[in-house]
Each structure stands twice: as C-alpha cells, then as structure tokens.
Amino acid sequence: MGLLVFGGLIVLLASSNAHMAETRLGPIAMKAPHFVVLGITFFLGFATGIVSVLMNALQRRQRKTPGKSIVIKH
C-alpha cells in the first residue's frame, strides 16, 4: 500500500513537469517532456556513481597484496 502511495506521489510530481523541453547535445536536438529529461539525467548520474564506486573497489582489491590480511589484536 505504501509503495502505491509513493508511486502516486511521484506521478503527481512528474506530471507537474510535463511541459516540453528541448535538449541539445552538439548537433543532436531532442524534444521530450521535462520529467523524462530529469529521469534520464538522474539515471545516468546514478549509474556513473555506481560504476565509480565499483571501479574504486576493484582497484583497491588489486592493490592489496595476496595472502596478507589485516589482523587486529586485542
């Protein structure tokens, strides 16, 4: 039930941004509703952050010398 209310609020807020927006990327121009442009921008930013965190974790794992682990003595 809570997800339905949350989804309804998102649709309500998105519909208030339904006016057309033109987005240009060099010679390419695209017209789309404003909430679609915002959604795509959010998704691309989120994906960039996830990839950045994963790449950082993989680099840290490769830098660690194999066979050695951190042992904390009390």
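The entries below go from the overall fold to single side chains.

**Entry 1: overall layout.** I note at the start that this is a predicted model. I counted two helices and two strands in the chain. Along the sequence they come in the order α-β-β-α. I then asked how much of the chain counts as buried. The figure is 5% of the 74 residues. The chain exposes about 7,100 Å², and carbon and sulfur atoms supply 72% of that area.

**Entry 2: helix α1.** I checked the length of α1, which covers residues 2-15. At 1.5 Å a residue, its 14 residues should span 20 Å. I found its end C-alpha atoms 20 Å apart, so the two values agree. Next I wondered how many of the 14 residues of α1 are buried. The number is one, so α1 lies largely in the open.

**Entry 3: the hairpin.** I moved on to strands β1 (residues 20-25) and β2 (residues 28-33). They run antiparallel and are joined by six bridges. Together they form a hairpin, with two residues between the strands. In the turn I looked at G26, which has a positive phi of about 70°. I also picked out one bridge pair: R24 is partnered by A29 in β2.

**Entry 4: a salt bridge.** How many salt bridges does the count give? It comes to one. I traced it to the side chains of R24 and E22, with 3.0 Å from N to O. R24 has a relative accessible area of 61%, over the 50% cut-off, so I class R24 as exposed. E22, at 42%, falls between the 20% and 50% cut-offs, so E22 is partly exposed. I jotted down a reminder here: side chains in a regular strand alternate between the two faces of the sheet.

**Entry 5: a nonpolar patch.** Which residues make the nonpolar surface patch? I listed M30, F35, V36, I40, F43 and L44, and the patch has an area of about 550 Å². Helix α2 (residues 34-63) gives the most to this patch, with five residues. M30, on the other hand, is found in strand β2. The relative accessible area of M30 is 41%, so I class M30 as partly exposed.

Definitions and conventions: Residues numbered from 1 in each chain as written. Predicted model: local features only at pLDDT ≥ 70, side-chain atom pairs only at ≥ 80, totals over all residues. Heavy atoms only, no water. Helix = DSSP H or I, 4+ residues; strand = E, 2+ residues; numbered from the N terminus. Expected span 1.5 Å × (residues − 1). Buried < 20%, exposed > 50% of the residue type's maximum accessible area, 1.4 Å probe, protein only. Pairing = 2+ DSSP bridges. Patch = residues over 30% accessible without salt bridge, like charges linked within 9 Å, V, L, I, M, F, W, Y side chains within 5 Å. Areas by Shrake-Rupley, 256 points an atom, 1.4 Å probe, with all protein chains shown as cover. Salt bridge = Lys/Arg side-chain N within 4 Å of Asp/Glu carboxyl O.
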